[in-house]
Amino acid sequence: MKHSFILLITAFSLFVTACNEEQSGSRTVQAVESSKTYNWKMVTTWPPGFPVLQEGVERFADNIKIMSNGRLTIKVYAGGELIPALQTFDAVSQGMVEMGHGSAYYWAGKVPEAQFFSSVPFGMTARGMNAWLYDGGGLELWREVYKPFHVMPFPMGNSGVQMGGWFNKEINSLDDIKGLKMRIPGLGGKVFAKAGGNPILLAGSEVYTALERNTIDATEWLGPFHDQRLGLHRAAKHYYYPGWHEPGTVLELTVNQRAWDSLPKDLQAIVSNAAMAENLRMFSEMEQKNMAALQQLKDRPNIQIQHFPDDVLAKLKTLTDQTLAEEAANNPKFKRVYEAYQAFRLQNDAWSDISENAYLAIE
Ligand code: CA
């Protein structure tokens with residue numbers, strides 16, 4: 001009896017010791033995790049010092065360093081500084097760098113359906129895109145689309161509604177678009193070609209010279225702030241709106257999946273919340289800078305800020321629907337994202353009509 005009592009006490013104390021060791025063990029793991037530092041590299045598709053976008057990415061990295069108390073530091077490289085701008089997605093996918101910043105339609109050649117996560121012609125504006133991505137299933141779908149590439153996407157910035165572009169002649173009807181050489185990329189370019197135009201692919205650095213020398217007749221770029229900074233008002237005088245081809249381009253943070261998985265939960269939360277904060281901040285800054293630059297452009301002589309004729313826009317919209325339907329018919333992956341996008345977009349339109357649009361229509 002006494003013997004088995006001692007055995008019981010011994011077994012109990014062994015159990016208590018084991019529990020204590022396990023606890024201190026997990027404390028040790030936590031302590032090691034919380035003292036471990038991560039030094040990451042991030043590449044972007046933007047030129048060095050590019051206002052709002054490259055600056056926003058640098059602010060994102062600075063904020064993460066502060067919030068993590070130096071446990072996660074991110075060295076940011078602009079396009080061309082470490083790798084060519086348009087290799088950003090591949091570099092993140094292959095784990096050459098941990099993070100990237102750009103926009104999903106840059107990878108349309110590799111992932112055509114990714115375009116819905118940046119912007120499609122006559123698509124949703126920033127409001128609708130944020131609602132879809134964060135709360136309407138869009139982000140989950142986006143992550144599924146990037147999963148085979150081992151890339152984790154986050155929305156991080158929005159251009160707002162872009163401008164239609166700079167033209168060296170007036171656009172009064174669809175006939176004025178026939179044969180027009182315009183720098184307009186992506187799906188917008190495909191629609192423009194269907195309308196009889198001649199879309200030209202040019203990097204941002206070449207746009208001004210091409211327009212100024214009449215190598216092209218027209219170009220789109222971004223909004224008043226970036227367009228004026230590029231000097232486009234000196235190369236053409238008709239500045240058209242609205243930017244039907246890019247109504248609210250979402251910018252993306254991409255994180256290599258393995259790198260993401262290696263982060264402890266608290267650092268993951270810091271990264272995803274910093275991305276969400278920067279999503280709002282870049283958009284807000286873009287809006288403020290565009291409104292100020294619009295006023296400056298209005299004050300310049302010899303510039304006409306003009307609305308595209310309604311019938312031209314209506315025709316471009318019909319051609320957009322055709323273009324998207326054709327792409328969907330040829331590509332089941334594209335079709336799947338297109339259908340999800342359209343379903344959300346219909347709800348968004350119905351709500352917008354009696355909220356924002358109805359309010360803004362008050363004279
Ligand atoms: Ca653009």
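**Close-up 1. Glu 144 and Arg 336 meet in a salt bridge.** Glu 144 is partly exposed, at 43% relative accessibility. Here buried means under 20% relative accessible area, exposed over 50%, and partly exposed in between (1.4 Å probe, protein chains only). Arg 336 is also partly exposed, at 46%. The closest N and O atoms of the two residues are 2.8 Å apart. A salt bridge is a side-chain nitrogen of Lys or Arg within 4 Å of a carboxyl oxygen of Asp or Glu. Arg 336 sits in helix α12 (residues 332–354) and Glu 144 in helix α5 (residues 138–146), so the bridge ties together parts 192 residues apart in sequence. Helices (H or I, at least four residues) and strands (E, at least two) are DSSP runs, numbered from the N terminus.

The model is predicted: local features need pLDDT of at least 70, side-chain atom pairs count only at pLDDT 80 or more, and totals for chains, interfaces and linings use all residues. Residues are numbered from 1 along each chain as its sequence is written, and side-chain values use heavy atoms, with hydrogens and water left out.

**Close-up 2. Glu 285 and Arg 59 form a salt bridge.** The N to O distance is 3.4 Å. Glu 285 belongs to helix α10 (residues 265–299) and Arg 59 to helix α2 (residues 53–67), 226 residues apart. Glu 285 is buried, at 13% relative accessibility. The whole structure holds 12 salt bridges.

**Close-up 3. Lys 110 pairs with Asp 90 in a salt bridge.** Their closest N and O atoms lie 2.9 Å apart. Lys 110 is in the loop between β3 (99–102) and α4 (126–135), and Asp 90 is in helix α3 (residues 88–93), so the pair ties together parts 20 residues apart in sequence. Lys 110 is partly exposed, at 43%. Asp 90 is partly exposed too, at 25%.

**Close-up 4. A calcium ion is held by Gln 162, Glu 220, Trp 221 and Glu 246.** Donors are N, O and S atoms within 2.8 Å of the metal (3.2 Å for Na, K and Ca); water is not among the atoms, so sites may look incomplete. Along the chain the donors follow the spacing Q-x57-E-W-x24-E. Gln 162 lies in the loop between β4 (151–158) and β5 (165–167), and Trp 221 in the loop between β8 (218–219) and α8 (224–229), 59 residues apart. Gln 162 is buried, at 4%. Trp 221 is buried as well, at 16%.
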